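Here is a short briefing. Look at the model first, then read the points below.

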Amino acid sequence: MVVRRACALSREPGVWLCLVPMAAPIRLTVPGTLRYRPIAVRVVAEAARLVSASVRADPKDQLVLDVRDPFDTAVVSAFMEIFNNIAIHAYQRREGGLIELSITPADRELVIELRDNGRPFDLDVVEPLPADLDDDSLPEGGMGIHIAKTMLDEMTYEPGPPNLWRLCKRLSTQPVATGAGRS
Amino acid sequence: MSNSFDVQRTNNETRLTLRGSLDINSAPVLSEEIDRIIAAKPPKVVVDLAPLDLIDSSGVAALVKLYKGIRNASAEITMVGARDQPLAIFKLLRMDKVFNL
């Protein structure tokens with residue numbers, strides 16, 4: 001099913017209303033344990049590719065997990081951290097819980113919603129990274145939410161039940177401030 | 001997603017090569033190896049990140065543990081070859097400068 005939405009409306013003569021196809025949400029429910037994380041990551045990576053239209057390093061190998069494009073990098077990096085958070089903090093590494101994913105690729109953005117019925121998370125307990133990093137202040141934890149928030153254009157959390165994480169990443173016309181290329 | 005690493009030891013250097021994905025599922029196994037590397041008190045450690053495709057905060061934490069352990073022993077540690085998503089994560093966390101990537 002393809003849903004159509006208006007993306008732009010101009011009053012200037014000769015400019016038409018632009019209708020851009022927005023795909024129906026991809027829905028996936030996985031057990032809320034780290035064992036199922038790679039499956040969810042793979043689905044999200046492919047959804048990101050639908051938006052970024054990134055080219056695989058080896059176009060003949062459609063099965064390899066290929067995350068090099070800055071948009072794909074941002075989406076996958078953020079998603080991995082939020083999945084980790086749910087499995088560890090919401091479900092306390094226990095089996096029995098579910099994570100419901102709704103992934104909506106649009107013309108220039110990707111929206112991912114994750115719902116769980118575990119313990120609510122307190123975003124206020126997340127401490128910012130040290131202002132000046134050196135050998136002594138290098139953090140050994142607490143980086144996940146910072147990574148997700150920084151990689152995304154929007155990230156919201158509503159405690160439940162169900163708890164709802166909503167992640168949004170838009171395609172930028174400007175180069176994304178991530179480290180493409182080899183050091 | 002492949003998760004693997006290997007360690008090559010010589011008299012002068014220990015070389016840790018990371019491949020595939022270093023994440024919350026694979027980091028605990030690497031962390032055990034990191035404990036062994038630190039305990040061996042090598043004069044120099046080289047971490048080759050070139051074959052590494054993906055990393056998350058758990059993987060970063062494991063590398064920070066290695067970095068601190070080696071530096072605290074007054075030994076030398078060098079990280080080389082970071083690219084794509086792992087390099088983006090190190091830059092976002094501003095660790096690229098500390099690790100000299």
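In helix 2 of chain A, A74(A), S77(A), A78(A), E81(A), I82(A), N84(A) and N85(A) meet G144(A), I145(A), I147(A), A148(A) and M151(A) of helix 3 of chain A. Contact here means C-beta atoms, placed from the backbone, within 7 Å. The residues of this contact divide into seven nonpolar, four polar and one charged. This is a predicted model: local features need pLDDT of at least 70, side-chain atom pairs count only at pLDDT 80 or more, and totals for chains, interfaces and linings use all residues. Residues are numbered from 1 along each chain as its sequence is written, while chains are lettered from A and ligands numbered from 1 in the order in which they are written.

**Helix packing**
- Helix 2 (residues 70-90) and helix 3 (residues 144-151) of chain A pack at about 145°, with axes 8 Å apart.
- Axes are lines fitted to C-alpha atoms over the stretch in contact, and angles run from 0 to 180 degrees between N-to-C directions.

**Strands of chain B**
- Strands are DSSP runs of E, at least two residues; helices are runs of H or I, at least four.
- Strand 3 (residues 44-48) of chain B runs parallel to strand 2 (residues 14-22) of chain B, joined by four bridges.
- Strands pair if DSSP finds at least two bridges between them.
- T17(B) stands opposite D48(B).
- Strand 3 of chain B also pairs with strand 5 (residues 76-80) of chain B, parallel, over five bridges.
- There, V80(B) is the bridge partner of D48(B).

**Confidence**
- Chain A averages a pLDDT (the predictor's confidence in each residue, from 0 to 100) of 84.
- Over residues 1-20 of chain A, pLDDT is below 50.
- Where pLDDT is low, the predicted coordinates should not be read in detail.

Technical notes
Two residues are in contact if their C-beta atoms, placed from the backbone, lie within 7 Å. Ala, Val, Leu, Ile, Met, Phe, Trp, Tyr, Cys and Pro count as nonpolar, Asp, Glu, Lys and Arg as charged, and the others, Gly among them, as polar.
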